[in-house]
Amino acid sequence: MIRFEQTFMNFLLEHQERQHRTHHFLILMDAMISAAKHIQYYYLTGALKGNLGMAGAVNVQGEDVMAMDQIAHEIAIHYLRSCGRVIHAVSEESEPIIPMNVEGGRYFVYFDPLDGSSNVSHGLPVGFLFGIAKRNLEGPEDQHLRAGNEYIAAGMFVIPTGTFTMGLKDAGTWRFHMDETMNYVRPTRILLPEQKKTWELSFNAANRRTYSEKVQGWIMENENRYAFRYLGALAGDFHRILANGGMFMYPAIVNHPDPKKNRPEGKLRLLYEASVVAFMCREAGGWAMSEKGVPILDIKPEKPHQRCSLYVGSKALVEDIAQKF
Ligand code: AFP
């Protein structure tokens, strides 16, 4: 007996029909899935086999060799442009906003096609993260940078592990696994566990003395209560938090011994990192704050590559540390 599992596309079709929605979003998500599979293919055949270069490298024929993150960017742009549904895209790999189908498109897509690139040379997981907002269909459209609470969906592919997690507005966060035929299958709803037993903390411990005194104090009071995990790729680290509960944080760097290296605004990017995980977290019953005491999803971006500090995960933990800000 062959055992068939529900595919992501079939799951999404049912979701759209239940909500009496058009099929445009399916076409966009088909493009995202194609891009993710194509990036995964390059990761496995190029990056892991040593066939890719560093940025600016030249091969023996004197041709430019592309780095994995540039390849991932080109792949994502190709599929998003050709699906015809995207107005503008913001990519981590492009300084300017990328116009696509400006007149006829329906969605804004903010993405990082290869997040956690320091993992590539080790063959460890990286992420392809994205947030999606919709054009104002009723009135004039003047905003193309949206706060996370205006996203309709946000998700992350963990490459090459083959997991895909996506939050749908008011419809939960769902996880899919890549099967042997490279289809994402088996929708599983993710809810952050209430039980503290499995909770974890995830942050770059090497930076802890550069955090504000208040944040350092909270860490000292709480670190012995939880397991500690850190991969250095947000998608992988947040994947664990969604399943086990706890908190991922990337605090503002305000006490660096070399003041030029301070990052009072934080390191992570609002549109395609912080808002993406905050959105999925909200749909899984969690919460996300910045160190300015503002919910991540309420931060209105002023520029495409804006940074912010990030505390995301189980509501009780995020609220607890937020009392210190
Ligand atoms: P890179 O893509 O430059 O490796 O950055 C990855 C990232 O944006 C995010 O995925 C990680 O959680 C975070 O930065 C890791 O940063 P640190 O190396 O400073 O811990």
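Let's start at a loop: Asp 170 is found between β6 and β7 (172-178), where strands are DSSP runs of E with at least two residues, numbered from the N terminus. This is a predicted model, so local features need pLDDT of at least 70 and side-chain atom pairs count only at pLDDT 80 or more, while totals for chains, interfaces and linings use all residues. Residues are numbered from 1 along each chain as its sequence is written, and side-chain values use heavy atoms, with hydrogens and water left out.

- Asp 170 has a positive phi of about 55 degrees, even though it isn't a glycine.
- Ile 159 and Pro 160 are joined by a cis peptide bond, with omega at about 0 degrees.
- You'll find Pro 160 in the loop between β5 (151-159) and β6 (163-168).

**The eight-stranded sheet**

- Strands of a sheet pair through backbone hydrogen bonds, either parallel or antiparallel.
- Here, eight strands make an open sheet with mixed pairing, in the order β2-β1-β3-β4-β5-β6-β7-β8; two strands count as paired if DSSP finds at least two bridges between them.
- At the edges sit β2 (98-99) and β8 (184-190), each pairing on one side only.
- Strands β1 (residues 86-91) and β3 (residues 107-115) run parallel and are joined by five bridges.
- Ala 89 stands opposite Val 109 in β3.

**The five-stranded sheet**

- Another open sheet has five strands in the order β10-β9-β11-β15-β13, and its pairing is mixed too.
- β10 (227-228) and β13 (287-289) each have a single partner strand, so one side of each is left without a neighbour in the sheet.
- β13 pairs with β15 (residues 310-313) in the antiparallel sense over three bridges.
- Met 289 stands opposite Tyr 311 in β15.

**Around the ligand**

- The ligand is surrounded by 14 residues, each with a heavy atom within 4 Å of it; the closest are Asp 115, Asn 204, Tyr 230, Tyr 250 and Glu 273.
- That shell splits into six nonpolar, five polar and three charged residues; Tyr counts as nonpolar and Gly as polar, while Asp, Glu, Lys and Arg are the charged ones.
- An oxygen atom of the ligand lies 2.8 Å from a backbone N or O atom of Gly 116.
- For Ser 117, a backbone N or O atom is 3.2 Å from a ligand oxygen atom.
- Tyr 230 uses its side chain instead: an N or O atom there is 2.5 Å from an oxygen atom of the ligand.
- On its own the ligand has 480 Å² of accessible area, and the protein covers 76% of that (Shrake-Rupley method, 1.4 Å probe).

Technical notes: A polar contact is a pair of N or O atoms within 3.5 Å; within protein, one must be able to donate a hydrogen and the other to accept it, and residues adjacent in sequence count only if both atoms are side-chain atoms. Helices (H or I, at least four residues) and strands (E, at least two) are DSSP runs, numbered from the N terminus.
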